[in-house]
Amino acid sequence: MHRSWLPVLFFALPFSCFAAGPEPFHMLSVQEVSDRLGKPGVFIFDANTEETFLAGHVPGATHVQFNKFTQDALPKDKEATLIFYCKNPH
């Protein structure tokens, strides 16, 4: 069972922005993320520490280390929506 995933910051951006240069991204509410869970073309990445990730995370999220994140971890679908979150206050 997953623990509550509040409070966290959610940022969503289209995957195509990685190839086309910077594009705007925006913050999502918990409800907006919940509405997207399990939908095709939506990928969720947890940038918390491994300990925090193992203690509880958004269902379906992939754990990533912000300092070791590479393009290989991204989906092949360039039109995908990527949602990154962490509970880091910075």
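**Aromatic pairs and nonpolar cores**

A search of the whole structure, a predicted model, finds three aromatic pairs. Take F45 and F84. Their ring centres lie 4.9 Å apart and their planes meet at 20°. Planes under 30 degrees apart count as stacked, so this pair is stacked. The pair links distant parts of the chain. F45 sits in strand β3, residues 42–46. F84 sits in strand β5, residues 81–86. They are 39 residues apart.

F69 is in the loop between β4 and β5, 15 residues from F84. F69 is partly exposed, with a relative accessible area of 27%.

In soluble globular proteins, nonpolar side chains tend to be buried together. The largest core here has eight residues: L28, V33, I44, F53, V58, A61, I83 and Y85. Another core, of six residues, lies apart from it, and F45, V64, L82 and F84 are among its members. Within the largest core, I44 touches residues including V33, V58, A61, I83 and Y85.

The backbone oxygen of F53 lies 2.9 Å from a polar atom of the H57 side chain. H57 is in the loop between α3 (50–55) and β4 (62–63). Its relative accessible area is 16%, so H57 is buried.

Definitions and conventions:
Residues numbered from 1 in each chain as written. Predicted model: local features only at pLDDT ≥ 70, side-chain atom pairs only at ≥ 80, totals over all residues. Heavy atoms only, no water. Helix = DSSP H or I, 4+ residues; strand = E, 2+ residues; numbered from the N terminus. Buried < 20%, exposed > 50% of the residue type's maximum accessible area, 1.4 Å probe, protein only. Polar contact = N/O pair within 3.5 Å; in protein donor to acceptor, adjacent residues only side chain to side chain. Core = buried A, V, L, I, M, F, W, Y, C linked by side-chain atoms within 4.5 Å. Contact = heavy atoms within 4.5 Å. Phe/Tyr/Trp six-rings, centres within 6.5 Å; stacked < 30°, edge-to-face > 60°. Lists of a residue's contacts leave out its neighbours within four places in sequence.
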